[in-house]
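This report is meant for a reader who is new to the structure.

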Amino acid sequence: MSEATHAPSSSSPGGLKARDDEACPCPASADDLAVMEQQQLEETRASKIKTEGGGGDADDFDAWMKSRQLIKPDDQLELTEAELGEEVTKVLTPTNTNVVRNLVVFSFKEGEFVPAPLPGNTVTLISFAGNSLHVDSEEARIQIEESDEIGYPLPMPNYSVVEQRETIVDGEEEGEGEGEEDEKSEGGGKPTAADDEEAEEEEDEEGKQTEGGTETEPGADDEDAPAGAPQAAAAPSKKRKLINQFNYCERATLTYVNPKRNVDTQTIPPPRSQFGGTVLQWIIYDSYQEDFEEQQKASGRTSVKGKAKKTFKKKTALAEMLNRKYLRCWQILERMINQNIYDDIGNDYRYWEDPADEFREGEGNLLPLWKFQYEKTKKMNVTEIVFNPAYYDLFAVCFGSHDFLKQPNEGYLCLFTVKNPSFPDYIIQTDCGVMCCDIHPNYPFLIVLGLYDGNVCVYDLRDGCKDPMYVSRGVNCKHGECVWQIRWGPDMSDGEINFFSVSSDGCVFQWILMQNKLWVTTIITLYLENEVADGPDGTKVILKTGGSCLQFHPFDNNVFLVGTECGFIYKCSTLFSSKYLMTYNAHNMSVYRIDFNRFDSNIFVSCSGDWRVKVWEDMRPDPLFIFDLGSAVGDVKWAPYSSTVFAAVTTEGKVHVFDLNVNKYKPICVQAVVPKRKNKLTRIAFNEKLHFIVVGDEKGVTTSLKLSPNLRAMVKPPKKQLYLDQTTLQNAKLEKLLSLVRELPEGAVVADPASTVRS
């Protein structure tokens, strides 16, 4: 009973339409359908109450209707109709109250503080420009109407049900006069939902055929169509179907198709041969046995070879260990023999004191000790001498050539020791001349070399001297010209070891020892100040100058001095490379060496090929002392034991020792070490612990010289200040000397105190 009662309410709108069409042939609108459904629902409810007497389903229906009613709380505020009809406007603003609105920033353009712009309240997550239009927009419809052809059929937009019904009603009104008699003659049959779907499918197929470009003859439709079919269905214009809801168009072009070409080639057929045989079971078995035996023999051979290789490696390792032990023993034995041979020189090296210095005030002399040389370096120049900071009797000597037209095909670095002057303890051979070197102050086994071809390499003496641990490779990872001086730098903040180098190409590089390679960065490029020349194309070009020496400040690791080939000394910093801290117009020729005073870091000395040695004070453009030695000065060094003593070597083969506290105008010792016409001195170095010096010449010979007592005299403390140490006394002595030079009478003119020293 309940199913029969509810059947009309659950019927489709098509059934309702058919029922209404019996009374009225015109289709019902949406409002008429809603009214009819409400009436049917009330009739069904009344029939339920009548038939069931108000029980069962009626109670359920009342409960269901109650659940649909709104529940009003007891404490709800009672409002009048006027209050309920009043509109309350609430405005939501995106203003952020937490934003500070009184911030100001300094404007360099305006020269005053201006308010800072407020940050926006909108956060854009993604933004990109597109050229697609929504299909329901007015612009898209205009574009579809203007374009007659679209590459692919586009789907219909999702219109509302009312719009679809209006189009159907318009179509039926147009064909109403012709279709009424046909509909009546068919016995009053009404269209159903299935008929509507079939009609829509037919319309879709017709739309596809028309859009795909199929053309039919004008009279074909009249012949194929039945006489009673309504013609009003095809009358209304159909909206173009789109692929998606956006205005999507695709265009295609026809390109030129290249003609095909066949190329045939004929090759020589491979040779053929026929083979036949009878294969039995025992033949197969025997062949497998032979193959297995051959595999066993091959594996046995490989195992024997592997064992032989392992035993050979073990033997070579044992042989190397034995060789090292034997070499150590032979070195000790050789040192003992040399000490016995050079016993007199060894005693002078330790205990010689010249008694004649007591009768010579302000003068001293040098006692020659050993000569260190290596057979393969007899025709090479000594380019650098550096003492090991950990072992005072061990020093490194570099061998190369200062003559650019006669460069050897090899270079050497030899480490000599005073305990064995006959042969070097370590020998490093390179492919070109070694121009400079430096030993790390914290790791005395690390040595860095600067080569004539612009490369640098790092050796670890613990691993041997054959192969370098690091070497610069490539065009961009080297200097363009000869490397003149190289210095280890302090370890970086992350513990990486680094060093600096200067070259004739005008660049100062910093090299960092990475895990597997050298990392190079340019610290500064040396340009001449206020020197601009016209380029080939008329542009102004700043002239560069080549670097010749490099020396870091003893206490400030970021400051260093660079001597150039033009005679200037530039004070630079590793923190920035845009400007020099100070420029000294030092010499008229290339600056060969610079050295800082061991007791006062503001005092440094320089030498040049213009025969002069000058003593400078930091941030003073004029030198404090000038000495003319009569020939080119190859090297100059401050003494580590005195604040006023320094020594220099000249191309005449002489060593000049100065003590500014004794004589401010000429050296207190001038001594010839090598013949003047046949040889020249190039480098000099002071020993850090003992009072002797080492000088090198152009013949590859290194000579050690002992200083007499007058050349190494120490400052005696006053009787009332015996507690003062030697460092304090040396600083006081130097400060007293500098005070005499700095203070000048009014109106006095500084004369050039240079004088030629004659021996």
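Which residue in E15 is the bridge partner of Ile 512? The partner is Trp 519. The model is a predicted one.

Ile 512 lies on one side of strand E14, with Val 508 and Gln 510, while Cys 507, Phe 509, Trp 511 and Leu 513 lie on the other, and all of these residues are buried. Buried here means under 20% relative accessible area. Because seven of the seven residues of E14 (residues 507-513) are buried, the strand is largely enclosed by the rest of the structure.

| Pair | Sense | Bridges |
|---|---|---|
| E13 and E14 | antiparallel | five bridges |
| E14 and E15 | antiparallel | seven bridges |
| E4 and E5 | antiparallel | six bridges |

E4 and E5 belong to an open sheet of four strands, ordered E4-E5-E6-E7 with antiparallel pairing. Its edge strands are E4 (381-387) and E7 (426-430), each of which pairs on one side only. From one strand to the next, the twist averages 20°. Within this sheet, Asn 381 stands opposite Gly 400 in E5.

The protein as a whole has 13 helices and 32 strands. Of its 759 residues, 33% are buried. The accessible surface comes to about 51300 Å², and 52% of this belongs to carbon and sulfur atoms.

Terms used:
Residues numbered from 1 in each chain as written. Predicted model: local features only at pLDDT ≥ 70, side-chain atom pairs only at ≥ 80, totals over all residues. Heavy atoms only, no water. Pairing = 2+ DSSP bridges. Helix = DSSP H or I, 4+ residues; strand = E, 2+ residues; numbered from the N terminus. Axes fitted to C-alpha atoms, helices over the stretch in contact; angles between N-to-C directions. Buried < 20%, exposed > 50% of the residue type's maximum accessible area, 1.4 Å probe, protein only. Areas by Shrake-Rupley, 256 points an atom, 1.4 Å probe, with all protein chains shown as cover.
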